[in-house]
Amino acid sequence: MSSTIDFDFRNKLLKMHGALSLSYCYQCGTCSGGCPVAKETNGKYNPRRIIEKSLLGMKDKLIKDPVLWQCTLCDTCDEACPQNVELTEIFGVLKNLAVLEGFVPDAYKAQSMTVFDFGVAVPYSDPLVRRRKELGLEQKLDENIVIPVQELQTLMEVTGMKEIVEKFKADKAAAAPPEKPSG
Ligand code: SF4
Ligand code: SF4
């Protein structure tokens, strides 16, 4: 299958904060060799290839592919790269561009909505209380933890994240099946 090389995309990427080091890559493959996710996925996830596609400006193959989101940000590749390419910074830039164009895995959408509403990725809930009880852990956790949700929401508003989360929420509501009439 042919793919379109988008030089505008490549040049835009190179000018973005954190992505300049992309141009230092000489495709040695050291990053992929040490990447734990590449190992776990038998090479389906491949940081060298993501950098290569970025250098070639293969926008669609980058931002529409959910594989982009498999990086754990462990930084092993950054530390190993002989050219000091800031891979994780570049992957962050790519993911931000993917979000702006609406290509976000559902799990990340769900987590961003939870963080916006509760200030944490895993809210304090009845099943959590039950599990802590089973393990003999402290019960009144919610009284000991103060999460500044409003401050977080203000920060998310300033950075534009609130608008994105609201879009996720609207999409979710639109996709939900209609409620059955009662009675
Ligand atoms: S280790 Fe660095 S130079 Fe080598 S392929 Fe990966 S990003 Fe490129
Ligand atoms: S930061 Fe991501 S790409 Fe780099 S080694 Fe870790 S999982 Fe692999």
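This is a predicted model: local features need pLDDT of at least 70, side-chain atom pairs count only at pLDDT 80 or more; totals for chains, interfaces and linings use all residues.

Colleague: Which hand does the crossing of α8 and α12 have?

Modeller: The crossing of α8 and α12 is left-handed. Helix α8 spans residues 106–118 and helix α12 spans residues 161–175. Their axes cross at roughly 115° and come within 10 Å.

Colleague: Which residues of α8 and α12 meet?

Modeller: Take one helix at a time. From α8 come Lys109, Ser112, Met113 and Phe116. They meet Val165, Phe168 and Lys169 of α12. By class, the contact of α8 with α12 holds four nonpolar residues, one polar and two charged.

Colleague: Now α4 and α7. At what angle do they pack, and how far apart are their axes?

Modeller: Read angle and distance together. Helix α4 (residues 47–55) packs on helix α7 (residues 87–100) at about 60°, with the axes 11 Å apart.

Colleague: Why are α4 and α7 called oblique?

Modeller: Roughly perpendicular begins at 65 degrees, and roughly parallel means under 35. At about 60°, α4 and α7 are therefore oblique to each other. Their crossing is left-handed.

Colleague: What makes the contact between α4 and α7?

Modeller: List both sides. On α4 the residues are Pro47, Ile50, Ile51 and Ser54. On α7 they are Leu87, Ile90, Phe91 and Leu94. Seven residues of this contact are nonpolar, one is polar and none is charged.

Colleague: Next, the ligands. Which residues come nearest to ligand 1?

Modeller: Look at the shell, then at its closest members. Ligand 1 has 14 residues around it. Cys25, Cys28, Thr30, Cys31 and Cys81 come nearest. Helices α2 (30–34) and α4 each give at least two residues to this shell. The shell divides into nine nonpolar residues, four polar and one charged.

Colleague: And which come nearest to ligand 2?

Modeller: Of 13 residues around ligand 2, the nearest are Cys35, Cys71, Cys74, Thr76 and Cys77. Two or more shell residues come from each of α3 (36–40), α6 (76–80) and α7. Here nine residues are nonpolar, three polar and one charged.

Colleague: Last, the domains. Where are their bounds?

Modeller: Take the bounds from the assignment, then compare centres. The domain assignment gives domain 1 as 7–100 and domain 2 as 106–175. Their C-alpha centres lie 29 Å apart.

Definitions and conventions: Residues are numbered from 1 along each chain as its sequence is written. Chains are lettered from A and ligands numbered from 1 in the order in which they are written. Axes are lines fitted to C-alpha atoms, for helices over the stretch in contact, and angles run from 0 to 180 degrees between N-to-C directions. Helices (H or I, at least four residues) and strands (E, at least two) are DSSP runs, numbered from the N terminus. Angles under 35 degrees count as roughly parallel, over 145 as roughly antiparallel, 65 to 115 as roughly perpendicular and the rest as oblique. A crossing is left-handed if the near helix is turned anticlockwise from the far one by less than a right angle, and right-handed if clockwise. Two residues are in contact if their C-beta atoms, placed from the backbone, lie within 7 Å. Ala, Val, Leu, Ile, Met, Phe, Trp, Tyr, Cys and Pro count as nonpolar, Asp, Glu, Lys and Arg as charged, and the others, Gly among them, as polar. A residue is near a molecule or strand if its C-beta atom, placed from the backbone, lies within 6 Å of it. Domain bounds come from an automatic or database domain assignment.
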